[in-house]
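Dear colleague,

Please find below the structure that I promised to pass on to you.

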Amino acid sequence: MSDAVRFRYNVDGENFTLAGQASVQVKKNLREIGIPAEIIRRVSIAMYEGEINMVIHAGGGKAEVAVYENKIEIILDDEGPGIANVELAMKEGFSTAPDNIRSLGFGAGMGLPNMKRYTDDMKIETVLGKGTKITMCVNF
């Protein structure tokens with residue numbers, strides 16, 4: 001695999017019941033191309049957390065997964081409100097999710113911390129009022 005194999009997804013922010021569909025499809029695609037199960041698990045968790053965050057906070061966005069010879073790169077890009085305080089948002093338990101989302105069992109403040117925990121590298125680029133781009137890598 002000298003060139004990356006890429007998968008692209010639109011994350012629908014209008015339909016909460018579809019949240020997580022891109023990460024499920026990524027899991028299937030990675031299995032089909034023979035990626036080790038532990039790597040698939042890490043990628044799936046990180047992507048799911050990011051996908052849910054895009055639905056809750058940004059009204060959806062775009063996800064791209066690129067599979068290289070020795071790593072998988074996940075790029076999540078949205079045009080939401082941005083993250084006001086990245087350092088605070090990275091703390092376990094911190095959440096800005098509204099009460100109606102919390103009542104569904106989401107918004108516990110574990111999204112960004114879990115994304116970092118399950119990846120080898122994570123970079124957050126955010127501009128208030130413009131959106132957020134998160135790039136994560138899982139090495140293998």
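**Salt bridges and sheet**

Glu-64 counts as buried, since its relative accessibility is 19% (buried means under 20% relative accessible area, exposed over 50%, and partly exposed in between, with a 1.4 Å probe and protein chains only). Please bear in mind that this is a predicted model, in which local features need pLDDT of at least 70 and side-chain atom pairs count only at pLDDT 80 or more, while totals for chains, interfaces and linings use all residues. Residues are numbered from 1 along each chain as its sequence is written, and side-chain values use heavy atoms, with hydrogens and water left out.

Glu-64 is the partner of Arg-6 in a salt bridge whose closest N and O atoms are 2.7 Å apart (a salt bridge being a side-chain nitrogen of Lys or Arg within 4 Å of a carboxyl oxygen of Asp or Glu). This pair links distant parts of the chain, with Arg-6 in strand S1 (residues 5-12) and Glu-64 in strand S2 (residues 60-67), 58 residues apart; helices (H or I, at least four residues) and strands (E, at least two) are DSSP runs, numbered from the N terminus. Arg-6, at 37% relative accessibility, is partly exposed.

By this rule the count comes to five salt bridges. Another one joins Asp-120 to Arg-42, with the closest N and O atoms 3.1 Å apart, and it too links distant parts of the chain, as Asp-120 lies in the loop between helix H5 (111-117) and strand S4 (121-127) and Arg-42 lies in helix H2, 78 residues apart. Asp-120 is partly exposed at 42% relative accessibility, whereas Arg-42 is buried at 14%. Salt bridges with shared partners also join Arg-6, Arg-8 and Glu-64 into one network.

Turning to the sheet, five strands form an open sheet in the order S1-S2-S3-S5-S4, with antiparallel pairing (two strands pair if DSSP finds at least two bridges between them). S1 and S4 stand at the edges and have a single partner strand each, so one side of each is left without a neighbour in the sheet. S4 pairs with strand S5 (residues 131-139) in the antiparallel sense over seven bridges, and Val-127 stands opposite Gly-131 in S5. H2 packs on the sheet, touching S1, S2, S3 and S5, and its direction makes about 5° with that of S3; contact here means heavy atoms within 4.5 Å, and axes are lines fitted to C-alpha atoms, for helices over the stretch in contact, with angles running from 0 to 180 degrees between N-to-C directions.
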